[in-house]
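Thanks for making time, everyone.

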Amino acid sequence: MTVIHVALDVPVNRLFDYLAPNADSADIGRCVRVPFGNRQLSGIILSVSNLSSVPERKLKTAGLIDQAIPPLPQSLLELFEFCSHYYHHPIGQVVMNGLPALLRKPRHTTSRLPKQIQEWILTDAGRIITLSDIPARSKTKRQLFSLLLENGIITADIYKAMSPHSRKLLHEFKDLGWVEQRTALPGKFAFSTASTPAPTTEQAHAIAEILARIGTFTPWLLHGITGSGKTEVYLQVAASLLAQQKQILVLVPEINLTPQLEATFRKRFPNTPLVSLHSGLNSSERLQGWLQAQCGEANIILGTRLAIFTPMPRPGLIIVDEEQDHSFKQQDGLRYSARDLAVYRARQANIPIVLGSATPSLESYHQARIGRYRLLQLHARAISQAVLPAIHCIDMRVTPAQERLSEPILDALRQSLDQKQQSLVFINRRGYSPVLLCKSCRWIATCKRCSSRLVVHLRNRQLRCHYCGDQQPITPACPQCGDPDIMPFGHGTQRIESALIKQFPNARILRVDRDSIRHKAAWQTMLDTIHQGKVDILVGTQLLAKGHDFPNLALVCVLNADSSLYSTDFRAEEHLFSQLMQVAGRAGRAHIPGTVLIQTEFPQHPLYLALIRQDYAAYAQTQLKERKSASFPPFVYLAVLRAEAPVLAEALEFLHQTAAIATIAKEYAHIQLFDPVPATMTRLKGLERAQLLIQAVSRKCLQIFLSDWHQRISALPARSKLRWHLDVDPLTL
């Protein structure tokens, strides 16, 4: 008999056996439809054999094996297996998590095959046309043609986001001979690049060092100050690999950074097929891009963390931009780090990987200091006249403020407006106010489902929980004492925006946060508005802190930074330093000198003193010394066992039970289990949460212990309504 061993999306850490008379080893990695209970599921064949631990009479027969889509490569299956073992997550859920949604559904193959992509290319006749040749009243037409002039090429996912009339306008351009239409799939494209700028001395050194070790696994940490031209290093190294017909994987932490980087790569490599994979795509678009990468049609794959599981038959280079960003760690389900998996995948494929950041994570910086990673540094900004911004702290203990805006900041904003320069007011808190407070009885509006306060969204007259999404109208009086004198306390982006409108009624003010970019095209529209100089003052959260280049931005004002200094999270200070360095780096990136003003009640705090000097290395070394003395990563390795139940006592009882069955034998001498405690946010989405911390001096020791312990926990009797999971290398405790 022929038996296939199939990975299914079920919470059981095992493969499922099915009879498949016509299957052979060539089917490993293919999708297959199988009966599971009274359902039909899609799975992936991980092995084929003549044996099964299940009696033949009990084996069911598999359904259709999908021959239309190429099988997953062995290297990707090995990555899934490593991921399952390292993060202690069921293999079937790991495999299916890494596939596009349409491949997880048991539907007919032909409905999943990609459609041909239509691209519009600027012709030689189109290149001599200027915007002045298009009437000023035709705003959409001018915007569309401006994008063509800038990039030379435009695809459906870009022009559809601009306007529903874009396709009609492109046909008008085609009739005029300004553009021509081509099909991106199927077909091969010749590699070519646009003009390449001369690198700076530091960039040239970094490029030469990386290229000298092409074809071997070499992890590079590219530490460059903001505006130093790390992207140019990526582009020139990528050009060399693309000329060898290799594929490039570029990971970015957030979807909002993909359009700008995608435009940069498309402009440099106009004839090189590129796919962008992120959560903003619909299921069909994501499958299409994934299949292009799998077939080798796409030479550049750009995406967020899930793109690490994209199959590539000809891998040549992996780039992880803003490698320190916490968004690379998945916080639910399969809790993996895309950055760490990228390093594993580069080793697996024997190719270089470049981790880029202006403020590397302390883990990566430590790896570079001890020689496991190779360190490359860019100390100067890429534009010769551009210099790092001057950073000043405003002592709020002695400086009065109106609506959290001190007089020095208001004066600086006025001066920036007078000089026709853009300013950014940064406050990493959305909404109008984080607290609704009763002055009489001190009642505070809190979420019924979470251990959190409800945030005031005044324009919508709503109270919202930013953790579970619960919404309710703002109450007209205190529900506890009936006093109508309830008031918002604290400031968010909406309240700062309102205050700035009062102070500068003639200024063009734009707020950028997750509330303002909910619509699919909103973010790109805002970026275009900023770059076109139609904004005077930006008010925003961390969405604006990294990766963006605003040439006319001269002033950055930071509000409410001190709140992170009170955190119990041992990474909070590192994260704040990185965030402030990143947001400060938005100022003065071109020919305009930049200024950064930070309001604080602790102007002598070591973090702010290091920030003023813009000395990451000194600050990182100080932090690493503190981490070492306190036995925190990267000097120890952590895992957290988390449990959640309707009642906190049940979660804690379960964790005590798991601690009791842990075998701390001789081989586990370097493992330490801490007492179970309630989680920092004890209640989330209606469930009470508790956790147990595990610490080890080596990663190998931790993994050996977790493998044994996880099996013991899984063998415990199931408890109704109690859920648990292991989080390896957690970001928060």
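Let's start at Pro 634, which sits in the loop between helix H18 (616-630) and strand S28. When I say helix or strand, I mean DSSP runs, H or I of at least four residues for helices and E of at least two for strands, numbered from the N terminus. The peptide bond joining Pro 633 to Pro 634 is cis, with omega at about 10°. In general, most peptide bonds are trans, and most residues other than glycine have a negative phi.

Before I go on, a word on what you're looking at: this is a predicted model, with local features needing pLDDT of at least 70 and side-chain atom pairs counting only at pLDDT 80 or more, while totals for chains, interfaces and linings use all residues. Residues are numbered from 1 along each chain as its sequence is written, and side-chain values use heavy atoms, with hydrogens and water left out.

Okay, on to S28 itself, residues 637-645. How many of its nine residues are buried? Nine of the nine. Buried here means under 20% relative accessible area, exposed means over 50%, and partly exposed is in between, using a 1.4 Å probe and protein chains only. In a regular strand, side chains alternate between the two faces of the sheet. On one side of S28 you have Tyr 637, Ala 639, Leu 641, Ala 643 and Ala 645, and on the other Leu 638, Val 640, Arg 642 and Glu 644, and both faces are covered.

Which strands pair with S28? One is S31 (residues 687-696), antiparallel over nine bridges, and there Ala 645 has Glu 688 as its bridge partner. Strands count as paired if DSSP finds at least two bridges between them.

Now for another sheet. This one is open, with six strands in the order S15-S27-S26-S18-S25-S24 and parallel pairing. At the edges are S15 (390-395) and S24 (509-512), each pairing on one side only. From one strand to the next, the twist averages 20°. S15 and S27 (residues 595-600) run parallel and are joined by six bridges, and Asp 395 has its bridge partner at Thr 600 in S27.

Helices pack here too. H15 (residues 522-531) touches S18 (422-426), S24 and S25 (537-540), and its direction makes about 145° with that of S24. H17 (residues 606-613) lies across S15 and S27, at about 150° to S15. Contact means heavy atoms within 4.5 Å. As for angles, axes are lines fitted to C-alpha atoms, for helices over the stretch in contact, and values run from 0 to 180 degrees between N-to-C directions.

Next, aromatics. Rings of Phe, Tyr and Trp (its six-membered ring) pair if their centres lie within 6.5 Å; planes under 30 degrees apart are stacked, over 60 edge-to-face, and the rest tilted. By that rule the count is 17 aromatic pairs. Take Phe 309 and Tyr 336: they're edge-to-face, 5.2 Å centre to centre with 65° between the planes. They come from loops 27 residues apart in the chain, Phe 309 between S11 (300-303) and S12 (315-321), Tyr 336 between S12 and H11 (338-349). Phe 309 counts as buried because its relative accessibility is 0%, and Tyr 336 does too because its value is 1%.

For contrast, Phe 705 and Trp 709 are stacked, 5.3 Å centre to centre and 25° between planes. Both sit in H20 (residues 699-714), four residues apart, so about one helical turn separates them. Phe 705 and Trp 709 are both buried. There's also a cluster, with ring pairs linking Phe 82, Tyr 86, Tyr 87 and Tyr 344.

Last stop: backbone angles. Arg 442 has a positive phi, near 65°, and lies in the loop between S19 (435-438) and S20 (455-457). Buried or exposed, then, for Arg 442? Exposed, because its relative accessibility is 57%. Arg 461 is another residue other than glycine with a positive phi, near 55°, and its place is the loop between S20 and S21 (462-464).
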